[in-house]
Amino acid sequence: MYTFETKVRVRYAETDQMGYVYYGNYAMYYEVGRVELFRSLGFSYKALEDSGIMLPVIELQSKFLKPATYDEEITVKASLNEKPSVKIRFDYELFNQRGELLNTGSTTLVFVDKQRNKPCVAPADFLARLRRHFE
């Protein structure tokens, strides 16, 4: 298992008329968590794409427990609970500044070879960076 936490401040444009984060924006927070988790491993989405691998989302789930509000600092906790292969699943927990759980979710993505437009196994160097977390 590998977990990484990052912070995001809720911007005005991300809220609805009630001052709550619009539900569609949680996917964006998940993306921030994913990208920063990759970066924490010394690996980047950009490097992955530059190497000819795409990672489209094929499934997204989200459960809303409490609203996040304008100008709150949200902690996005992203976790890999299973070793990736052709697919990679991220689980998320979002917390407000008081440590209250606001949202849980998950995304499943698939490694795709850009040239062939076909699923492929996760790159060996990425799997090597994760190896010690899944032994």
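This is a predicted model: local features need pLDDT of at least 70, side-chain atom pairs count only at pLDDT 80 or more; totals for chains, interfaces and linings use all residues.
Local features need pLDDT of at least 70 and side-chain atom pairs count only at pLDDT 80 or more, while totals for chains, interfaces and linings use all residues. Side-chain values use heavy atoms, without hydrogens and water, and residues are numbered from 1 along each chain as its sequence is written.

**Arginine 34**

- Arginine 34 lies in helix H1, residues 26–40; helices (H or I, at least four residues) and strands (E, at least two) are DSSP runs numbered from the N terminus.
- Arginine 34 is buried but has no salt bridge. Buried means under 20% relative accessible area, exposed over 50%, and partly exposed in between (1.4 Å probe, protein chains only). A salt bridge is a side-chain nitrogen of Lys or Arg within 4 Å of a carboxyl oxygen of Asp or Glu.
- The nearest side chain of opposite charge to arginine 34 is glutamate 31, at 4.8 Å; Lys and Arg count as positive and Asp and Glu as negative, with His and the chain ends not counted.
- The side chains of arginine 34 and tyrosine 92 make a polar contact of 3.1 Å. The term stands for a pair of N or O atoms within 3.5 Å; within protein, one must be able to donate a hydrogen and the other to accept it, and residues adjacent in sequence count only if both atoms are side-chain atoms.
- Leaving out residues up to four places away in sequence, arginine 34 touches Tyr45, Val57, Ala78, Phe90, Tyr92, Thr107 and Leu109, where contact means heavy atoms within 4.5 Å.

**Nonpolar core**

- The largest nonpolar core has 33 residues, and Phe38, Ile88, Phe111 and Phe126 have the most contacts inside it. Such a core is a set of buried Ala, Val, Leu, Ile, Met, Phe, Trp, Tyr and Cys residues joined through side-chain atoms within 4.5 Å.
- H1 gives the largest share of this core, 6 residues.

**Salt bridges**

- The structure holds 11 salt bridges.
- Arginine 11 and glutamate 14 form one at 2.3 Å, N to O. Arginine 11 is partly exposed at 48% relative accessibility, whereas glutamate 14 is buried at 4%.
- Glutamate 36 pairs with arginine 39 in a salt bridge at 3.3 Å. These two residues are about one helical turn apart because 3 residues separate their positions in helix H1.
- Glutamate 100 and arginine 98 form a salt bridge at 3.2 Å, and both belong to a network of salt bridges that also links Lys66 and Glu72.
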